Amino acid sequence: MTDKVQSKKDLNYCCDELSKYQSLSRTGLTRDELLAIDGIMVKLKERIKNIRAALNGH
C-alpha cells in the first residue's frame, strides 16, 4: 500500500515539474538550452507514463 502512496506522490511531483518546464518562456534561449529543456520534458513524460502504467497494473 505504501508503494502506491509513494507512486502517487511521485506522479504528482513529475506532473508539477513537467508543468513548470512547459510554462517556461523560451525567448532568448540558446539551441543547447532548448534541447536540454526538451530532454528533461521527454524524461518526465516517460516517467509519468511508467508510473501511471504501474498504478493501473499494466
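This note goes through the salt bridges of the structure and then its nonpolar core.

1. The coordinates are a predicted model, in which local features need pLDDT of at least 70 and side-chain atom pairs count only at pLDDT 80 or more, while totals for chains, interfaces and linings use all residues. Residues are numbered from 1 along each chain as its sequence is written, and side-chain values use heavy atoms, with hydrogens and water left out.

2. Across the whole structure, the search returns 3 salt bridges, a salt bridge being a side-chain nitrogen of Lys or Arg within 4 Å of a carboxyl oxygen of Asp or Glu. Helices, as named below, are DSSP runs (H or I, at least four residues), numbered from the N terminus.

3. In helix α1 (residues 2–22), K20 and E17 lie 3 residues apart, about one turn of the helix, and their side chains form a salt bridge with an N to O distance of 3.0 Å. E17 is buried, at 16% relative accessibility, whereas K20 is exposed, at 51% (buried means under 20% relative accessible area, exposed over 50%, partly exposed in between, with a 1.4 Å probe and protein chains only).

4. A salt bridge also joins D38 to R26, with the closest N and O atoms 2.8 Å apart. Because D38 lies in helix α2 (residues 31–56) and R26 in the loop between α1 and α2, this pair ties together parts that are 12 residues apart in sequence. Both residues count as partly exposed, D38 at 30% relative accessibility and R26 with a relative accessible area of 32%.

5. Within helix α2, the side chains of K49 and E46 meet in a salt bridge at 3.5 Å, N to O, and these residues, 3 apart, are separated by about one helical turn. E46 is partly exposed, at 38% relative accessible area.

6. The largest nonpolar core has 8 residues, namely L11, C14, L18, I37, M41, L44, I48 and I51; a nonpolar core is a set of buried Ala, Val, Leu, Ile, Met, Phe, Trp, Tyr and Cys residues joined through side-chain atoms within 4.5 Å. The elements that give two or more residues to this core are α1 and α2, and α2 gives the most, with 5 residues.

7. I48 touches L11, C14, C15 and L18, leaving aside residues up to four places away in sequence, where contact means heavy atoms within 4.5 Å.
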